[in-house]
Structure formats: C-alpha cells, structure tokens
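Here is a quick tour of the structure shown below. Keep it open while you read, and look up each piece as it comes along.

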Amino acid sequence: MSYQEKRTVVSLVSTILITVIYSLVMAQRYTATNPYSAEAFHFWGAFLLILIPVSIVARIVIYIVFSIFNTIITKEKEPAFTDERDKLIELKAARNSLYTFTAGFLLAMGSLVLDMPPNVMFILLICAGLMADVIGETSNLYFYRRGV
Amino acid sequence: MSLEKHQTSIFIGEESKLGNPPISNNIRKLRFNHDEMTQQALADKVGVTRQTIVAIEQAKYSPSLELAFRIARVFNLPLEEVFSFDDTT
C-alpha cells in the first residue's frame with residue numbers, strides 16, 4: 001500500500017471516529033424538549049460551529065501522529081509534492097464528495113418542505129457532511145488502487 | 001523471459017470506457033535497457049512521484065501529453081517509440 005493510500009485510510013477512519021464521538025458527546029448535552037424552541041436552534045448552531053474547528057484540529061493531530069509512526073515503522077518518506085496524478089485523483093474525489101453533499105443538502109431541505117421538525121434537517125445535514133467526507137476518501141482510495 | 005511481455009496497455013481517460021483504442025507503452029523495457037534505471041530515478045527526472053511511474057507501467061494511469069513527452073525525452077526517443085496508439089481494435 002502506497003503512502004497516499006495509507007494516508008487516505010487514516011483520514012477515512014479518523015473522519016468517521018471524530019464525527020461519531022463528537023456527535024455522541026454532544027447528544028448527551030441536548031436538553032431542548034421542543035424542537036422548534038430557540039434553545040434547540042442554539043444547540044444545533046453550536047453543534048455545527050464547534051464541529052468544524054474540532055474536526056480540523058483532530059485531523060491535524062492524527063495526521064502528524066500517522067506521519068511520525070509511518071516514518072518510524074516503514075522508513076518511507078512522505079512525498080514532497082503532489083504531481084498531476086495526485087491532483088487528478090483529488091479533483092475526482094472532491095467532485096464525488098460535492099455531489100454527495102449536494103444530494104444530502106437537498107434531502108435536508110426536502111424534510112422542511114415535508115413539515116418535518118428542524119432536528120431532522122440538521123441531522124440530515126450532518127449526515128450529508130459525514131457521507132460526503134466518506135465518499136470523498138473512498139473515491140480517493142479507489143482511484144489510487146484501481147487507477148484513474 | 002522476454003521483455004516484450006512487460007509491455008503494457010494504457011487507456012486514454014474517459015475515452016477507454018467508450019471502447020476506444022488503447023495506448024501501449026514500453027517504459028519498463030526502456031528502463032531496463034537504460035542501465036536498469038529505477039522507477040524512482042525516472043520519476044525524479046520527469047518530476048512526478050514513483051507511484052505515478054508505477055501506475056503508468058501497470059496501466060492504471062494515462063499520463064498527460066506533457067509528461068509523456070518528458071518520459072520520451074529521458075530515453076532520447078520520439079514519443080511514438082515510447083507510447084504507441086493501436087487503432088485496429
């Protein structure tokens with residue numbers, strides 16, 4: 001498995017772990033009884049706003065740890081640059097990720113049209129974000145292994 | 001074992017899905033004939049990672065025209081002698 005493939009697997013696993021653990025922790029703090037209350041909207045706003053920096057910091061830390069362990073174990077150096085193939089794979093994976101999030105976003109808006117509670121919309125948005133990341137990383141892995 | 005067996009077929013991106021003719025390359029044979037040049041050495045000369053050279057040799061990636069020219073230049077050969085276009089299929 002090449003360095004890029006290993007990095008993609010680590011990124012995929014860390015994305016799932018970070019989102020699931022964060023969601024579980026935040027779910028315990030949900031106290032609103034009325035999903036239409038200001039308290040509920042405050043919770044979901046904070047949920048999304050805090051998730052972004054937490055996710056970025058956690059990913060950076062995990063990536064640094066992976067890089068150190070990979071260098072120690074395999075003596076393999078991290079590629080110093082990204083070439084045309086890396087960029088093409090990155091673009092195709094980003095395209096797939098964007099399509100996934102767009103579908104999830106439309107689904108979330110659809111839930112509002114169908115008069116579902118706002119909680120459903122926020123949960124669908126978060127799931128769309130997670131799925132977009134998963135599809136993006138899986139596409140990366142697929143293109144690295146099967147060719148592009 | 002004949003080095004001819006190392007010749008690989010690569011396809012031009014999306015066109016291959018439409019059943020268009022493939023492109024072949026004999027980079028592996030050429031590396032062997034050039035003092036057994038390593039994949040890393042070739043990658044360094046053309047400015048890509050070793051994984052990209054591996055992917056081209058394994059027919060998992062079709063290089064850009066610029067990269068194809070750079071590879072041909074390393075072996076001091078015209079493009080047609082490194083990559084060939086078979087339109088008989």
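Let's start where the two chains meet: nine residues of chain B are in contact with eight residues of chain A, where contact means that the C-beta atoms, placed from the backbone, lie within 7 Å. On the chain B side, α3(B) gives the largest share, three residues. That side has four nonpolar, four polar and one charged residues; Ala, Val, Leu, Ile, Met, Phe, Trp, Tyr, Cys and Pro count as nonpolar, Asp, Glu, Lys and Arg as charged, and the others, Gly among them, as polar.

This is a predicted model, in which local features need pLDDT of at least 70 and side-chain atom pairs count only at pLDDT 80 or more, while totals for chains, interfaces and linings use all residues. Residues are numbered from 1 along each chain as its sequence is written, and chains are lettered from A and ligands numbered from 1 in the order in which they are written.

**Chain A overall**

- Chain A has four helices and zero strands; these are DSSP runs numbered from the N terminus, with helices being H or I of at least four residues and strands E of at least two.
- Its C-alpha atoms fill a box of roughly 55 × 30 × 20 Å along the principal axes.
- Of the 148 residues in chain A, 19% are buried (20 or more other C-beta atoms within 10 Å of the residue's own; exposed is 12 or fewer, partly exposed is in between, and C-beta atoms are placed from the backbone).
- Take the contacts in chain A with a separation of 6 or more: 76% of them join residues 24 or more positions apart.

**Helix α3 of chain A**

- The 30 residues of α3(A), residues 84–113, should span 44 Å at 1.5 Å a residue, and the end C-alpha atoms are 43 Å apart, which agrees (the expected span is 1.5 Å times one less than the number of residues).
- Its buried residues are A:R85, A:D86, A:I89, A:A93, A:S97, A:T100 and A:A108.
- The cover over them includes α1 (3–27) and α4 (118–146) of chain A, together with α3 (50–57) of chain B.
- After α3(A) comes A:D115, with a positive phi near 60°.

**Helices that pack together**

- In chain A, the axes of α1(A) and α2(A) (residues 38–74) come within 9 Å and cross at roughly 145° (axes are lines fitted to C-alpha atoms, for helices over the stretch in contact, and angles run from 0 to 180 degrees between N-to-C directions).
- By class, this contact of α1(A) with α2(A) has 10 nonpolar, three polar and three charged residues.
- In chain B, α2(B) (residues 39–46) and α4(B) (residues 65–74) pack at about 120°, with axes 9 Å apart.
- Here B:L42, B:K45 and B:V46 of α2(B) meet B:L67, B:R70, B:I71 and B:V74 of α4(B).
- That contact of α2(B) with α4(B) has five nonpolar, no polar and two charged residues.

**Nonpolar cores**

- In the largest nonpolar core, of 16 residues, B:V46, B:I71 and B:V82 touch the most other members (a core is a set of buried Ala, Val, Leu, Ile, Met, Phe, Trp, Tyr and Cys residues joined through C-beta atoms within 7 Å).
- The elements giving two or more residues to this core are α1 (27–33), α2, α3 and α4 of chain B.
- Apart from this core lies another, of five residues, among them A:I89, A:A93, A:L141 and A:Y144.
- Leaving aside neighbours within four places in sequence, B:I71 is in contact with B:I27, B:V46, B:P63 and B:V82.
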